[in-house]
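Please look over the sequence and the model below before reading on. The briefing that follows goes through selected residues and contacts, topic by topic.

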Amino acid sequence: METLRKLNVRNMGNYLNMISVIILVGLFTAINPNFLNAANMKNILMDISPLLVMSAGVTFVLLIGSVDLSIGAICSCACVMTGMWIPVMGNWIIPVVILFGLFAGALNGFIFTKLKITSFIVTLCTMSIWQCVALLISQGAPRGIPINMWKYIQWAKISFGIVPILFVISLVVWGVFYFIQVKTVFGKTIYAVGANERAANLVGLDLVKAKIITFMLSGAGAALGGMIFSLKLKASIPTIGNPYTLMTLAAVVLGGTALTGGKGSVIKTIIGVMLVIIIQNGLNVVAVDAFLQQIVFGMLIIFAVYLNVDKSGRDVIIK
């Protein structure tokens, strides 16, 4: 009976997110019929774009049982870099931003692995560093990209019907991350690290390398998210990523990735992203205060962790 109960709970968790998406879409449409019109659907896909690439990267970090709190600050820093330097560098800013994200992630991974400091503390500190860098570069204020420089970002306005090109790009990035997860030795290694790090070490897996790459992917995803924000808003906003740390963690955990590590998938994360964005967009449509929305996402994380935590005795430990 106990085994049957666990199976039922696991199966319920697999379908709960999709059921929730359908219910929420129906609920918000009943409250405001404009929720499903073409313009709002395009807005939803545009909003999904930055969160999807950020969440895909963070999924790897949670799979090894760690956490990355610096993603919001890296996102803000990348947004500022894109908005302020695109007039100078043009579209060459794109590889620069990606390299910045890889560097920021590598810094997290190096400190985490070499200095043996928990990821929570490491990324909490680097969050402050990158947030300060964003504020210093921007001088603490949002700045729009000059109109005469919009020629460099006109391509970001392209849409295929209601599907923006930025959403297509985010899907491609998500696909690359999914390929890395399922088709590479690294992808298998992170599951081993998250499930049982001691056993993974005993069989000779390179844990240090895997952990550093994990944080590099998270940093790259956060930086790409910041770049998408800048292209979308035609501006550099030094605090744009602040609420997205919570939203990204909510999306990944709601997608079924356990904070204990070893359980989850990039492909499930996309369902969590859809759920978070539909909730956010729906709350905006029904005019719920932005500050109250953060309460909603905080409660969602608590609920998602409760559903995913192993209640058989293994505690939630962030390494």
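This is a predicted model: local features need pLDDT of at least 70, side-chain atom pairs count only at pLDDT 80 or more; totals for chains, interfaces and linings use all residues.

Is Gln139 buried or exposed? Gln139 is exposed, because its relative accessible area is 64%, and values over 50% count as exposed.

- Lys234 counts as buried because its relative accessibility is 16%, which is under the cut-off of 20%.
- The charged end of Lys234 sits over the ring of Trp150, at 5.1 Å from the centre of that ring.

**Aromatic pairs**

- A pair of aromatic rings is described by two quantities, namely the distance of the centres and the angle of the planes.
- With rings counted as a pair if their centres lie within 6.5 Å, the count for this model comes to seven aromatic pairs.
- One of these pairs is formed by Phe60 and Phe177, whose ring centres are 5.8 Å apart and whose planes stand at 85°, so the pair is edge-to-face, given that angles over 60 degrees are classed in this way.
- Phe60 and Phe177 are both buried, and together with Phe186 they form one aromatic cluster.
- Trp174 and Tyr178 make a pair of another kind, with ring centres 6.1 Å apart and planes at 10°, so this pair is stacked, as planes under 30 degrees apart are counted.
- Trp174 and Tyr178 are four residues apart in helix 6, which means that about one helical turn separates them.
- Trp174 is buried, because its relative accessible area is 16%, whereas Tyr178 counts as partly exposed, because its relative accessibility is 28%.

**Contacts between parts of the chain**

- The axes of helix 4 (residues 93-114) and helix 9 (residues 207-233) come within 7 Å and cross at roughly 145°, and this crossing of helix 4 and helix 9 is right-handed.
- The residues in the contact of helix 4 with helix 9 divide into 16 nonpolar, six polar and two charged.
- Gln181 has its place in helix 6, and this residue is buried, because its relative accessible area is 5%.
- The side chain of Gln181 reaches the backbone nitrogen of Val266 at a distance of 2.7 Å.
- Ile71 lies in helix 3 (residues 71-89), and this residue counts as buried, because its relative accessibility is 0%.
- Ile71 and Gly221 are 150 residues apart along the chain, while their C-alpha atoms are separated by 8.3 Å.

How values were computed:
Residues are numbered from 1 along each chain as its sequence is written. Side-chain values use heavy atoms; hydrogens and water are left out. Rings of Phe, Tyr and Trp (its six-membered ring) pair if their centres lie within 6.5 Å; planes under 30 degrees apart count as stacked, over 60 as edge-to-face and the rest as tilted. Buried means under 20% relative accessible area, exposed over 50%, partly exposed in between (1.4 Å probe, protein chains only). Helices (H or I, at least four residues) and strands (E, at least two) are DSSP runs, numbered from the N terminus. A charge sits over a ring if NZ of Lys or CZ of Arg is within 6 Å of the ring centre and within 35 degrees of the ring normal. Axes are lines fitted to C-alpha atoms, for helices over the stretch in contact, and angles run from 0 to 180 degrees between N-to-C directions. A crossing is left-handed if the near helix is turned anticlockwise from the far one by less than a right angle, and right-handed if clockwise. Ala, Val, Leu, Ile, Met, Phe, Trp, Tyr, Cys and Pro count as nonpolar, Asp, Glu, Lys and Arg as charged, and the others, Gly among them, as polar. A polar contact is a pair of N or O atoms within 3.5 Å; within protein, one must be able to donate a hydrogen and the other to accept it, and residues adjacent in sequence count only if both atoms are side-chain atoms.
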